[in-house]
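Biologist: Could you walk me through this structure? I would like to go one topic at a time.

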Amino acid sequence: MSQSSPSPTDAGSLLPAVGLLALDRQYEMLREPIRAALERVCDSGRFVLGPDVAELENELARALDVPHAITCASGSDALLLALMALDVGPGDEVIVPSYTFFATASAVTRLGAVPIFADIDPVTYLVDPVDVARKISSRCRAIVPVHLFGRTADMDALLPIAARAGIPVVEDCAQSILSTWHGRCTGGIGDVGCFSFYPTKNLGGCGDGGFLTTTRDDIAARLRLLRVHGMEPRYHHQVIGINSRLDSLQAAVLRVKLPHLDAWTEARRTNAARYGEHFARAGLDGWITLPGDEHRGRHVWNQYVIRVADGQRDALRSHLTNHKVGTEIYYPIPLHLQVCFRHLGWAPGDLPETERAANETLALPIYPELTDAEQRTVVGRIAEFFRTAPARAQANSPQPASAAALAGPHFIRRMNHAERVADTRR
Ligand SMILES: Cc1ncc(COP(=O)(O)O)c(C=O)c1O
């Protein structure tokens, strides 16, 4: 960033609004090829599965460098199908984070199994391998790490835990397409990967959709059967499956978008780095904690989530909403405290880091088409919030950051994943 560029806190240079998402910008860029693809499918009369779906599966497998990519109707179904393929059933336990979207756990309960919630690492927000290991029992049939916000869970620690227990790893990759871990794409690291094409994902369709990846031929064959009512050949049902097929219209749209995904991912990474620069210049010492990059793989930044100190999160969000800056809270009520899971017996305080994250985190706009001026506006509005409320800020002055959370030359508390992992392994 050049020294002469305006400070992000300069109110005169702030834009009147910044949306959390701008799906229209992507559509605008691809309007013609998307419309042509939709028309081609309508002309063909092949609306479910069909050639576009088969081609998309080949293209996804190539892009992720996995032998099998199998599409289905949603990311939620992908999780359900994965657990069905692994024969998870009544009485079984499956370890999942609580700080995630509902579908991660509901896939478990829909099969009559019990989700066992594990806490998260406070720096990365990803499932804590130490807590996972602690919670494995003889009834445990799988571990489901979520590569939340686009960052890979600590697979170096999780895979040996699963291997020791003799259970598979189902990766929830709904937010992590094209993220890597030591050079391998998520979804091809554990036994099965579950992806979502929900419109806000890094590769989003014009509606619902999802897919699964696996390196195991046996699981791939079972998934292909389970997504079509276990039917093979026609009207002969080998197992009880579900109807979870991808529409050809979605596949055609996704085939137009997939070649752009790598560039969009790089744009997200650039935006994340640029937030780092703008926040450093804004001097919000101790008030917010920025998300860190992942040095053992590629972080794909489906979300850019900051932590806001000392009960200021909701007031900051209101301030941003008042200035038309879009934000979101992922996820305000952890799954172990949801009403529908009350019968499982979890109570407040059971997963302290999950509950703290639910109270303190805030997602900022990070989409690929976000401009520098928009990012300056987001940072400027946040700086304005803390500057214009000095009394409140003083009264709630944050505790000094721990040594493990301090990294780099900046005074903003930064996450350093490598340090943190080294710490938790001791
Ligand atoms: C972590 C996670 N898992 C699963 C899902 C479910 O995906 P879908 O909305 O496609 O059913 C989502 C989508 O929001 C998600 O973010």
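Modeller: We can go through the sheet, the ligand, the helix contacts and then a few backbone details.

Modeller: One note before that: this is a predicted model.

Biologist: Fine. What is the strand order in the open sheet of four strands?

Modeller: The order is 1-9-8-5, and the pairing is mixed. Strand 1 (68-72) and strand 5 (170-172) are the edge strands, and each of them pairs on one side only. On average, neighbouring strands of this sheet are turned by 20 degrees against each other, with direction ignored.

Biologist: Which helix packs on the sheet?

Modeller: That is helix 2, residues 50-64, which touches strand 1 and strand 9 (210-214). The direction of helix 2 makes about 135 degrees with that of strand 1.

Biologist: Back to the strands. In what sense do strand 5 and strand 8 pair, parallel or antiparallel?

Modeller: They pair in the parallel sense, over three bridges, and strand 8 covers residues 192-196. Within that part of the sheet, Glu 171 stands opposite Gly 193 of strand 8.

Biologist: Now the ligand. How many residues surround it?

Modeller: There are 15 residues around the ligand, and the closest are Ser 74, Gly 75, Ser 76, Ala 174 and Ser 196.

Biologist: Next topic, helix against helix. At what angle do helix 1 and helix 8 cross?

Modeller: Helix 1 (residues 23-44) and helix 8 (residues 248-257) cross at roughly 150 degrees, and their axes come within 9 Å. The two helices are therefore roughly antiparallel to each other, as angles over 145 degrees count as roughly antiparallel. The crossing of helix 1 past helix 8 is right-handed.

Biologist: Which residues meet there?

Modeller: From helix 1 they include Leu 30, Pro 33, Ile 34 and Ala 37, and from helix 8 they include Leu 249, Ala 252, Val 253 and Val 256. Arg 40 in helix 1 and Arg 255 in helix 8 are also among the residues of this contact. The contact of helix 1 with helix 8 divides into ten nonpolar, one polar and three charged residues.

Biologist: How does helix 2 pack against helix 8, and at what angle?

Modeller: Helix 2 and helix 8 pack at an angle of about 40 degrees, and their axes are 8 Å apart. That makes helix 2 and helix 8 oblique to each other. Helix 2 passes helix 8 in a left-handed crossing. Gly 50, Asp 52, Val 53, Glu 55, Leu 56 and Glu 59 of helix 2 make the contact with Ser 248, Ala 251, Ala 252, Leu 254 and Arg 255 of helix 8. That contact has five nonpolar, two polar and four charged residues.

Biologist: Last topic, the backbone. Which residues does a cis peptide bond join, with omega about -10 degrees?

Modeller: Glu 232 and Pro 233. Pro 233 lies in the loop between helix 7 (217-226) and helix 8. The peptide bond from Tyr 330 to Tyr 331 is cis too, with omega near 0 degrees. Tyr 331 lies in the loop between helix 10 (313-322) and helix 11 (352-360).

Biologist: And what is phi of Leu 178?

Modeller: Phi of Leu 178 is near 75 degrees, a positive value in a residue other than glycine. Leu 178 is in the loop between strand 5 and strand 6 (180-181).

Key
Residues numbered from 1 in each chain as written. Predicted model: local features only at pLDDT ≥ 70, side-chain atom pairs only at ≥ 80, totals over all residues. Pairing = 2+ DSSP bridges. Axes fitted to C-alpha atoms, helices over the stretch in contact; angles between N-to-C directions. Contact = placed C-beta atoms within 7 Å. Near = placed C-beta within 6 Å. Parallel < 35°, antiparallel > 145°, perpendicular 65-115°, else oblique. Left-handed = near helix turned anticlockwise from the far one by under 90°. Nonpolar A, V, L, I, M, F, W, Y, C, P; charged D, E, K, R; others polar.
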